[in-house]
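Subject: Structure for you to look at

Hello,

I am passing on a structure that you have not worked with before. Please have it open while you read the notes below.

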Amino acid sequence: MEHTVVSASKFNAWFGDNHVVKDVSMKIEKNQVVAVMGPSGCGKTTFLRCINRMHELIPGATAKGSLKLYDDEVYTMNPIYVRYKIGMVFQRPNPFPNLSIYDNVIAGYKLNGLRVPKAELDTIVQKSLTSAALWNEVKDSLHKKGTFLSGGQQQRLCIARAIAMEPEVILFDEPTSALDPISTSSVEQLFHELKANYTLIIVTHNMQQAARVSDKTAFFYVGELVEFDDTKQMFTAPADIRTQNYITGRFS
Amino acid sequence: MDARLGLRNTKSILFKAVIIFFAFVITIPLIIVLLYIIKQGVMQVNWHFLTHIPAPEGETGGGIANALVGSVIIVAMSSIVAIPVGMLAGIYLSENPGTRLAYWSGLCVDILQGVPSIVVGIVVYFWIVKPIGFSAVSGSIALAIMMLPIVIRSTEQTLLLLPPSLKEAALSLGVPYHRVILKVIVPCGFAGILSGIILSIARIIGETAPLLFTALGSNLFSTNITKPMESLPHLIFTYATSPYDDQHDLAWGASFILLMFVLLLNIFTKLITRKWNIQL
Amino acid sequence: MLFNAFSFLLSAFSSDTHRYMTVKNKRLDLSYSQMKWETIFRRILITMSVIMLLIVIGVLITLIVQSMPSIKTLGIGYLWGKVWDPVNNIYGAWPFLIGTLLTSFTALIISIPFSYAIAIYLGEYNPKGWLSNLLKNTIELIAAVPSIIYGFWALFVLVPIVRNFEMKIHVAPYGVGIFSASLVLAVMIIPYAASLGTSLIRMVPSPLKEGAYALGATRFEVIRSVILPYTRSGLFAGILLSLGRALGETMAVTVLIGNTSTIAPKFLDLFFGPGNTMASVIANEFAEADHTLYLSALIELGLVLFFVTVIINLIGKRIITRYSK
């Protein structure tokens, strides 16, 4: 049975007076991979950051409208709790440089002071690193700091860190744009495996990536959600002329 | 043309020679001072010197135990006050750079950095010595006021250099603001903050003027912080200007100890910034 | 264990929508208490910054209040009164203003060539390398040595030398005095202008220098006509900072200046003879000030010192911040 995990209804966001997300409405189903694409400045990253309430941390940033996680309005929930349930992976891999790999994975627990028994922590670390396809590469150096890891490995560590919190949804903000092609494909491979347990929303600048990894794609243009459809449909027969122009490379 | 070119080149070479001369000649006074203090002071230091209080005037023997312990106590008390207040104020300034409070507070930090130490001393005299008398506590407060600008500025500058992605990563995990700062940001800036703290300590253990009218000094051994307490720089000042040779000897020994300690702290700071700088 | 079993049963019956709410209620409670601590922490941060404001305001108020008796009784003429005679209750600050200005400016003039040379050497000729690091560390060491140690050493080593020199030039051979104090002060303030100047000279953009070299300029000419004009106001700010330091310096000066509160009529006697600065007279006589007017007159000197050093430092810092923009 399909359930709607994230639903936006007439959602708007501003930076001061700058209206960057305009009346966006969409429903995202459970265990789907949704790609969000569009040219620079179209509001896709801002919209993504509203979902886990990172947007409001910028001074002068505001939002209005309905944005729900299951049946609860995200903006009436405790923001810290929202971020437990909705994880995020950023464009540049950002593992904590002062923590070991082990501590990085469970950073969400450790930094929050959540008491979890050591045995359970060990399990969480192993499970998360395995889900992030990193376990075999680091299992012997868990207590070293992660500075020797490559870019792709660091990004997978960040994914493991997000998974460890057992979120419902994982948001990705251009997760492979800072990685080399081999790391990129290993991360994309991960998306296929992760969607069994999580719902993934991926902002990407790379149309081909959107076509490769997602079930559904959303196209943003100048703050508006122009089109939201099955990926196959979007890329073969888009409904809107703007989508058509973007896909065929009229602008990027 | 060639003759002029030759002249210009000669001028350039001469200039460089003059610059090098002036730049390096200034190291000579420093070396002279260091060597003299070491020479005069090292012979004074022995176990007796470190564990006895000064002998009465005109008598030989004695040591600087009261000043040593006094300096440690006074500086420790200043640090207990100045380090947390300074770090937190520095965190505020680095996290809220555009606000009005940050502007005026930052201005006050700059002002305090320029206030002469004697002025701080006489102000604290009225604040604390008048009500409760000459005491080590009053000396510590005066020194703490002098430590604050250094700790604040180095904390602020260290934290401003950290990449914002660090904060973002922690916030996205649902970590609340105070834990982000205390458990992520501050530990990552640890090297810079610590070196600022050590530099501020190195600065105040040699300060005399603020202690002249607050902690005063004393010939007796005391750990009572509500009473006057001797300190290394104050002892050096008192005995340097006294007519007795034995007291001069004590002052040389104290100078040696003080100098070595200050040097060690500075070297330690350099080692920290080189080794512990967490790679970002 | 039981809790997990219970929630498993619950989840089997309830829809996905509410599964996460029941199992993880622990986390929900925690997140509410975290919010409370967040607010407390932010308030603490603000309080600490406000404390800085309070300290400065407190210092200013204390100085003004304690100088009031002197300001009211002696008026503005105090500042140029030439006689300082506490025994007869006559107070005039002019000797100390002269002493402060003479020592500070002499020290400044002596130190400028050295500070500039260091700044040009470390900034332009040799910015990297072991020799440059060695020099940089040495300069920082000069600033690290406590001033009382400079004073103590100078009293026993420099003063006899100066005394000999004074005998040779037929001036009263005190040894201590404004001249000795200025010499030591000069060494002490060099690091301030030197390190600031070094940073500024390093910041001169390469394209500017390369343009001059491309036109055939020698190194000296590039320094003279490109680097120095570019950094002129910044180097001036460095001098201001050194001056601020010199004005406020107390201990080395107190030990070396000879504690005399009269002004010698002839300049040579004045310059090579003993005197007092605003800081040193406070250090020397504060403890002996037994009546209100005496004490208040000294505090007023502290107030003047406060204003002068603060203004000079702030001007210097303003110039520097304009540079980094």
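Predicted model: local features only at pLDDT ≥ 70, side-chain atom pairs only at ≥ 80, totals over all residues.

Chain A has an open sheet of six strands, in the order β6-β7-β8-β3-β9-β10, with mixed pairing. The edges are taken by β6 (86-89) and β10 (224-230) of chain A; each has a single partner strand, so one side of each is left without a neighbour in the sheet. On average, neighbouring strands of this sheet are turned by 20° against each other, direction ignored.

Within the sheet, β3 (residues 33-37) and β9 (residues 216-221) of chain A run parallel and are joined by four bridges. To find your way between these two strands, look for A35(A), which has T217(A) of β9(A) opposite.

A helix also packs on the sheet: α7 (residues 151-163) of chain A, which touches β6 and β7 (169-173) of chain A. The direction of α7 makes about 170° with that of β6(A).

The contact between the chains

Chain A brings 20 residues to the contact and chain B brings 19 residues. On the side of chain A that touches chain B, at least two residues each come from α2 (79-85), β6 and α4 (107-110) of chain A. The largest share is that of α2(A), with three residues. By type, this side of chain A is made up of eleven nonpolar, seven polar and two charged residues.

Regards

Definitions and conventions. Residues numbered from 1 in each chain as written. Chains lettered and ligands numbered in written order. Pairing = 2+ DSSP bridges. Axes fitted to C-alpha atoms, helices over the stretch in contact; angles between N-to-C directions. Contact = placed C-beta atoms within 7 Å. Nonpolar A, V, L, I, M, F, W, Y, C, P; charged D, E, K, R; others polar.
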